[in-house]
Amino acid sequence: MPGAIYAEGLVKTFGDVRALDGVDLDVPEGTVLGLLGPNGAGKTTAVRCLTTLLRPDSGRAVVAGIDVVRNPDAVRRSVGLSGQFAAVDEYLTGRENLQMVGQLYQMKAKAAKARAGELLEQFHLAGAGDRPAKTYSGGMRRRLDLAAALVVSPPVMFMDEPTTGLDPRNRQQLWEVIKQLVSGGTTLLLTTQYLEEADHLAHDIAVVDHGRVIARGTSDQLKARTGGERVEVVVHEREHLTTASEVLHGFGKGEVALDEHIRRLTVPVTGGAKLLAEVIRELDSRGIEIDDIGLRRPTLDDVFLSLTGHVAEEETAEGAEDTSAEGGSGTDSARSTRRKEATK
Ligand SMILES: Nc1ncnc2c1ncn2[C@@H]1O[C@H](COP(=O)(O)OP(=O)(O)O)[C@@H](O)[C@H]1O
Ligand SMILES: [Mg+2]
């Protein structure tokens with residue numbers, strides 16, 4: 001039996017661009033699928049097709065047991081969408097926004113009001129509930145957007161990059177809310193550019209690139225494919241790069257990646273902290289001065305590099321816009337959230 005979200009051979013083109021190039025998905029009821037991919041991979045297009053906002057050129061999709069092309073209205077009643085571009089009316093208060101959604105779903109005014117109150121509490125927005133949404137910070141806006149998607153407690157939820165551009169604290173808060181939500185049995189498809197986010201929230205991950213699913217599995221399976229942990233070293237002297245590279249090659253399980261400009265070397269390893277200590281001793285015995293060394297898990301970049309041979313693309317204007325919505329608190333990239341155990 002197909003899962004709560006099911007897609008087979010989904011294709012969607014925009015002129016010459018094949019945004020979706022035959023996507024297959026199957027998300028069992030009550031589980032979370034993380035759709036992981038760089039900007040332009042086709043994540044939003046997939047979400048828009050699955051939530052009936054776009055009609056696929058070909059292929060089939062069934063959500064909550066309903067065919068999205070044949071019966072879009074019924075699908076819309078069964079899904080919640082919280083997205084990169086989901087609409088929060090700037091001039092309405094948080095409370096009014098939520099009530100309006102309830103009424104769009106034909107709730108009685110009184111019920112919509114009660115539900116709005118509940119959600120404001122749950123999303124830590126009670127204090128700001130009667131202020132216009134345009135006064136909200138980026139994090140508050142995301143929470144309101146998520147709350148709006150939950151007004152009618154849909155059995156199937158879609159979230160399109162719910163935390164892109166949020167600072168770590170707001171991201172953590174949102175993760176907690178999402179975890180609570182799925183513990184109640186909701187089926188969720190979540191798109192993200194962050195392996196770490198998929199790691200926290202998703203049972204299964206599908207990696208998309210150029211409109212195709214290029215890998216799927218649990219987070220551990222993907223990381224294992226990517227070669228486990230990395231040792232990353234920044235040497236003090238540029239002249240030491242070659243020797244350091246030889247040392248790392250001896251300890252590593254794959255190619256040594258070199259960034260000459262910042263004198264950084266990275267190599268996949270197995271063996272954790274013990275191995276790290278050995279690397280430090282070896283570098284030291286060869287007289288190589290180290291500015292920084294650490295062990296980290298693979299990032300989205302590593303997964304991409306290993307799966308596709310190219311790195312995940314840089315942030316586009318879209319990502320930058322999201323960041324500025326947070327009041328310039330800075331981009332929290334997969335790179336900066338990585339675990340780094342600097343050793344002295
Ligand atoms: N409405 C549209 N018109 C033209 N091209 C589009 C449209 N929507 C998306 N695309 C293109 O389709 C590809 C996939 O985009 P999208 O699904 O937004 O990717 P993602 O959400 O993974 O960043 C990109 O090349 C994008 O430029
Ligand atoms: Mg997108």
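1. The model is predicted. The protein chain contains 13 helices and 14 strands. Of its 344 residues, 43% are buried. Among contacts between residues at least 6 apart in sequence, 69% join residues at least 24 apart.

2. Helix α3 covers residues 94-104. Its buried residues are Gly94, Arg95, Asn97, Leu98, Gln99, Val101 and Gly102. These buried residues pack against α4 (109-122) and α5. Just after α3, glutamine 106 adopts a positive phi of about 65 degrees.

3. Two packed helices are described by the angle between their axes and the distance between the axes. For α3 and α5 (residues 138-149), the axes come within 9 Å and cross at roughly 25 degrees. Angles under 35 degrees count as roughly parallel, and α3 and α5 are therefore roughly parallel to each other. Their crossing is right-handed. On the α3 side the contact is made by Gly94, Asn97, Leu98 and Val101, and on the α5 side by Leu144, Ala147 and Ala148. By class, the residues of this contact comprise five nonpolar, two polar and no charged.

4. The packing of α3 with α4 has an angle of about 135 degrees, with the axes 8 Å apart. That angle makes α3 oblique to α4. The crossing of α3 and α4 is right-handed. From α3, the residues Gly94, Arg95, Leu98, Gln99, Gly102 and Gln103 take part; they meet Ala109, Ala111, Ala112, Lys113, Arg115, Ala116, Leu119 and Leu120 of α4. The residues of the contact of α3 with α4 divide into seven nonpolar, four polar and three charged.

5. Which residues lie around ligand 1? They are Phe14, Val17, Ala19, Gly37, Asn39, Gly40, Ala41, Gly42, Lys43, Thr44 and Thr45. Four of the shell residues are nonpolar, six are polar and one is charged.

6. Which element supplies the largest share of the shell around ligand 1? The largest share, three residues, comes from α1. Strand β2 (17-27) and helix α1 (43-50) each supply at least two residues of this shell.

Note on methods: Residues are numbered from 1 along each chain as its sequence is written. Chains are lettered from A and ligands numbered from 1 in the order in which they are written. This is a predicted model: local features need pLDDT of at least 70, side-chain atom pairs count only at pLDDT 80 or more; totals for chains, interfaces and linings use all residues. Helices (H or I, at least four residues) and strands (E, at least two) are DSSP runs, numbered from the N terminus. A residue is buried if 20 or more other C-beta atoms lie within 10 Å of its own, exposed if 12 or fewer, and partly exposed in between; C-beta atoms are placed from the backbone. Two residues are in contact if their C-beta atoms, placed from the backbone, lie within 7 Å. Axes are lines fitted to C-alpha atoms, for helices over the stretch in contact, and angles run from 0 to 180 degrees between N-to-C directions. Angles under 35 degrees count as roughly parallel, over 145 as roughly antiparallel, 65 to 115 as roughly perpendicular and the rest as oblique. A crossing is left-handed if the near helix is turned anticlockwise from the far one by less than a right angle, and right-handed if clockwise. Ala, Val, Leu, Ile, Met, Phe, Trp, Tyr, Cys and Pro count as nonpolar, Asp, Glu, Lys and Arg as charged, and the others, Gly among them, as polar. A residue is near a molecule or strand if its C-beta atom, placed from the backbone, lies within 6 Å of it.
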